[in-house]
Amino acid sequence: MKQILCKGERMQAETSPTKDPGQVAFFVGNLCQEADLIYRFGYALTLSEVGAAKLVMETYRSLIGQLDRLLASSSQDIRLELAKAAWHIFQSWNETFEETDSLVLDFLHSLTIDIRIVLTLVDALGFSPEETAQILELKDVELRRYLAEGRKQMIGFDS
């Protein structure tokens with residue numbers, strides 16, 4: 001997925017007269033390194049491979065105009081910006097995608113979107129609870145409640 005996305009976006013950026021070679025190199029070298037993170041995040045949100053791929057594409061397109069600002073960002077800040085952008089894009093969608101069948105998907109589907117996405121960001125993607133609260137614009141107490149409830153449901157999943 002990362003190769004396809006980055007090749008397509010690199011071609012778009014290279015043909016754009018507003019992007020200098022440094023910005024293109026930054027996009028490919030820094031932002032595309034996190035494509036898998038956004039894909040996994042998108043999958044947890046949509047429960048669909050097609051939905052996850054679409055979210056990756058739209059997230060990267062949304063950040064093309066912000067390359068100047070992102071150039072000065074740390075790797076962790078870039079991850080946060082990507083996750084925030086993906087979350088805001090997902091919230092604006094009014095569509096559903098065909099779900100992929102799996103045992104894990106059955107479990108994820110049983111969770112509310114709030115619990116599912118908090119578990120994904122913290123336990124699967126490695127964001128801290130504080131970063132997750134920032135991405136999702138949640139109060140700390142809300143985030144911790146979702147995290148506790150999700151982990152409690154995970155413990156009983158295999159029984």
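Trainee: Is E34 buried or exposed?

Mentor: The general idea is that buried means under 20% relative accessible area, exposed over 50%, and partly exposed in between (1.4 Å probe, protein chains only). In this structure, E34 has a relative accessible area of 15%, so it is buried. Please note that this is a predicted model, in which local features need pLDDT of at least 70 and side-chain atom pairs count only at pLDDT 80 or more, while totals for chains, interfaces and linings use all residues. Residues are numbered from 1 along each chain as its sequence is written, and side-chain values use heavy atoms, with hydrogens and water left out.

Trainee: What percentage of the residues of the protein count as buried?

Mentor: Of its 159 residues, 44% count as buried.

Trainee: How many helices and strands does the secondary structure comprise?

Mentor: Helices (H or I, at least four residues) and strands (E, at least two) are DSSP runs, numbered from the N terminus. Here there are ten helices and zero strands.

Trainee: Which residue meets the side chain of E34 in a salt bridge?

Mentor: A salt bridge is a side-chain nitrogen of Lys or Arg within 4 Å of a carboxyl oxygen of Asp or Glu. The partner of E34 is R79, at 3.6 Å from N to O. This pair links distant parts of the chain, 45 residues apart: R79 lies in helix α6 (residues 75-92), and E34 in the loop between α2 (21-31) and α3 (35-46). R79 also counts as buried, at 17% relative accessibility.

Trainee: How many salt bridges does the structure hold?

Mentor: It holds eight salt bridges. One of them joins R151 and D123, whose side chains meet at 2.6 Å, N to O. That pair, too, links distant parts of the chain, with R151 in helix α10 (residues 140-155) and D123 in helix α8 (residues 113-124), 28 residues apart. R151 is partly exposed at 35% relative accessible area, and D123 is partly exposed at 39%.

Trainee: By about how many helical turns are E58 and K54 separated?

Mentor: They are four residues apart in helix α4 (residues 49-63), which means a separation of about one helical turn. E58 forms a salt bridge with K54, the closest N and O atoms being 3.8 Å apart. E58 is partly exposed, with a relative accessible area of 26%, and K54 is partly exposed with 29%.

Trainee: Which residues are linked with K54 in a network of salt bridges?

Mentor: The network links K54 with E58 and E95.
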